[in-house]
Amino acid sequence: MNKTGADGLSLVRPFIRAVERADSADGLQKAAENLAGALAALAKADHQGEPHCDPETWDVIDCLLQVLGFNNPGAAVAAVDGLIAIGPPAVEPLLGSLDGHNYGARAWAVRALAGIGDPRGLAVLEEALAEDIGPSVRRAAARGLGQLRLESLPQAERSAIWQRCLTGLLAGAADPEWVVRYAVVVSLEQLLPHPLAAEQRVRGLAQLEGLAAPASEDTLVVRLRARLALDNLSG
Amino acid sequence: MAGTADLDSAMATAGEPISEEEALQRLRQSEDQSHQYYAAWWLGRMRSRHPETVPLLQAALRRRQPRAVSSGVEENAVARNAARALGKLGDPQAIPDLLATLEDEDDGLREAAARALGELRAREAVSPICARLASDQAGQPLPNSLRLREPCEALIEALGDIGVASPDVVDAIQPFAIHERPLIRSAAARALFQLTQDPRWGHSLIELLEHPQLQVRRSALMDLGAVGWRPALEPIRDTLAENSLKLIALRGLVERGQAPPDTETVLRAMDDLL
């Protein structure tokens with residue numbers, strides 16, 4: 001949403017109104033899906049650089065954040081997709097929305113932050129992977145720690161962030177839920193090719209070896225995925 | 001979305017952390033049934049290997065009684081959790097008590113016993129389960145209730161898990177493949193696929209993935225995971241349901257299924273759902 005974004009966003013207006021007017025769970029889900037679809041199309045059409053943050057964008061973000069709190073999973077999935085399509089401009093509002101007491105909304109916000117991959121979400125992802133009670137939230141947080149987008153940061157800062165991601169993922173490898181360990185494997189595979197200190201890289205590879213071994217990992221699908229990651233990293 | 005896996009894990013995390021010794025003690029006493037209830041759940045969930053665990057759970061199972069209408073934790077609630085735990089613990093010693101429970105008047109207990117016998121792959125259970133399914137009006141609702149006369153879903157799934165593929169067993173399940181309730185049809189298709197490997201039952205499950213009720217789509221996802229039929233990969237991915245359940249289904253395709261598609265293709269589809 002660059003300079004053409006304002007026009008684009010006025011095209012989104014009717015979709016926002018539809019979300020605001022929805023009077024049933026199904027209606028809300030449909031309206032939120034339509035809104036997310038429109039945003040994704042816009043993001044695809046003019047995704048060059050940082051989206052321009054005009055007042056219309058804030059309206060959209062605000063609308064999507066509200067949808068996260070409606071206890072309508074179908075609509076929340078669509079709203080998360082919409083927030084990810086908006087990208088970095090949604091990060092501050094998402095972080096600001098985390099203080100509420102609505103656990104469901106918070107869980108969806110963590111997922112949106114994981115999908116956007118902005119380093120400002122790092123601390124939230126670290127905390128969610130370490131402490132959140134919902135396995136699906138820890139799963140999303142683990143995945144998020146493997147896919148932060150750091151291209152715009154100086155090299156030194158990038159290294160420090162990757163280091164933190166690695167530390168979080170190594171701890172997450174001991175999660176009791178297989179699906180969280182699976183997400184840790186996928187993220188380690190994505191993280192380890194980045195420039196890391198040699199000893200850190202070795203620790204990451206050793207963790208993958210552990211997750212690939214029947215003696216230390218009891219879930220077959222996790223072992224198979226860890227083996228695939230090791231093959232890809234050595235290939 | 002908080003699915004049952006989330007809930008189960010929430011109970012494990014939020015419930016007070018107790019030691020195995022404490023759990024055994026709580027099951028041994030009989031003044032506080034809510035303590036017994038939690039202890040039975042805990043011992044199954046934590047896969048307790050203590051030599052007293054199975055005998056204590058068996059004793060809890062034998063303490064069942066005619067179903068009390070009063071709500072809250074009662075003897076049969078403890079017995080239900082004991083049956084579930086015995087299924088998880090995998091000790092064939094529990095089979096005779098579970099077979100006896102299969103004849104209990106409480107259909108909720110029969111359901112828990114059937115599931116446990118399925119998990120234990122108890123071949124002794126095949127003929128009593130088939131007899132229950134063939135009994136008069138087994139698939140009809142109880143008067144003034146949504147429950148069926150027999151816990152058909154659990155009975156059918158147990159037959160699929162136990163895996164005795166004789167014509168008698170297939171004949172006992174087949175009528176339920178056209179039952180009016182989609183969840184029963186899903187269970188029947190799952191079991192018939194497990195027993196016959198006939199792809200038509202896989203296609204029946206894929207059709208249920210498009211059912212308008214979320215509960216039915218979720219059930220079909222779990223059933224496709226249980227049979228591990230890999231041609232279902234794309235329909236599973238495209239189902240309108242939470243990713244947590246799709247991931248569980250795809251795990252089943254990886255662990256139980258055969259190419260095509262190859263394992264890496266299924267793993268990549270899982271990666272995209274994280």
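Domain bounds here come from an automatic or database domain assignment. On that basis, chain B of this predicted model is divided into two parts: domain 1 covers 18–62 together with 75–118, and domain 2 covers 194–274. A distance of 31 Å separates the C-alpha centres of domain 1 and domain 2 of chain B.

We can turn next to the interface between the chains. Chain A brings 24 residues to the contact, and chain B brings 23 residues. Between them, chain A and chain B bury an area of about 1900 Å², and carbon and sulfur atoms account for 62% of this area. Charged side chains also take part, with a count of two salt bridges between chain A and chain B. One of them is formed by Arg225(A) and Asp271(B), whose closest N and O atoms are 2.8 Å apart.

Arginine and tryptophan also meet across the two chains: Arg251(B) lies over the face of Trp178(A), 5.0 Å from the ring centre. Within chain A, Arg111(A) is placed over the face of Trp108(A), at 4.2 Å from the ring centre.

Finally, a word on the cysteines. The count of disulfides over all chains comes to zero. Cys63(A) has 5% relative accessibility and therefore counts as buried. Cys165(A), at 1% relative accessibility, counts as buried too, the cut-off for this class being under 20% relative accessible area.

Key
Residues numbered from 1 in each chain as written. Chains lettered and ligands numbered in written order. Predicted model: local features only at pLDDT ≥ 70, side-chain atom pairs only at ≥ 80, totals over all residues. Heavy atoms only, no water. Disulfide = S-S within 2.5 Å. Buried < 20%, exposed > 50% of the residue type's maximum accessible area, 1.4 Å probe, protein only. Lys NZ or Arg CZ within 6 Å of the ring centre and 35° of its normal. Contact = heavy atoms within 4.5 Å. Buried area = accessible area lost by both parts, 1.4 Å probe. Salt bridge = Lys/Arg side-chain N within 4 Å of Asp/Glu carboxyl O.
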